[in-house]
Amino acid sequence: MADHTQTTDKGVGVGLVFGAVAILSALVMLTTAPEIQAAWGFAAAVTFSALAIVGMHFYWH
């Protein structure tokens, strides 16, 4: 009897999605530099980059 294990690359996908959103947030930060939207862009970039790392670690098998 052979045991079959199935693994997924869900961690990579989650990391890529949150990483892409973090990059878009950083672009918002750069394009609206002297305004309050730059602060929101920075906050979103930091949040989504942290979520990308957490998602990769959470789903990595």
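Reader: What share of the 61 residues counts as buried?
Author: This is a predicted model. In it, 16% of the 61 residues of the protein count as buried. The label needs a relative accessible area under 20%.

Reader: Why is T7 called exposed?
Author: Exposed means over 50% relative accessible area. T7 has 62%, so T7 is exposed.

Reader: Where does T7 sit?
Author: T7 lies in the segment before helix 1, which spans 10-31.

Reader: What makes I23 exposed or buried?
Author: The cut-off for exposed is over 50%. I23 stands at 55% relative accessibility, so I23 counts as exposed. I23 belongs to helix 1.

Reader: How many helices and strands are there?
Author: The protein has two helices and zero strands.

Reader: How do you know how the radius of gyration of the protein stands against that of a compact globule?
Author: The rule is 2.2 Å times the number of residues to the power 0.38. For 61 residues, a compact globule would come out near 10 Å.

Reader: What box do the C-alpha atoms fill?
Author: Along the principal axes, the box is roughly 65 × 15 × 10 Å.

Reader: What separates the C-alpha atoms of T7 and T32, and those of I23 and A45?
Author: T7 and T32 are 25 residues apart along the chain, and their C-alpha atoms are separated by 42 Å. I23 and A45 are 22 residues apart along the chain, with 6.7 Å between their C-alpha atoms.

Note on methods: Residues are numbered from 1 along each chain as its sequence is written. This is a predicted model: local features need pLDDT of at least 70, side-chain atom pairs count only at pLDDT 80 or more; totals for chains, interfaces and linings use all residues. Side-chain values use heavy atoms; hydrogens and water are left out. Helices (H or I, at least four residues) and strands (E, at least two) are DSSP runs, numbered from the N terminus. Buried means under 20% relative accessible area, exposed over 50%, partly exposed in between (1.4 Å probe, protein chains only).
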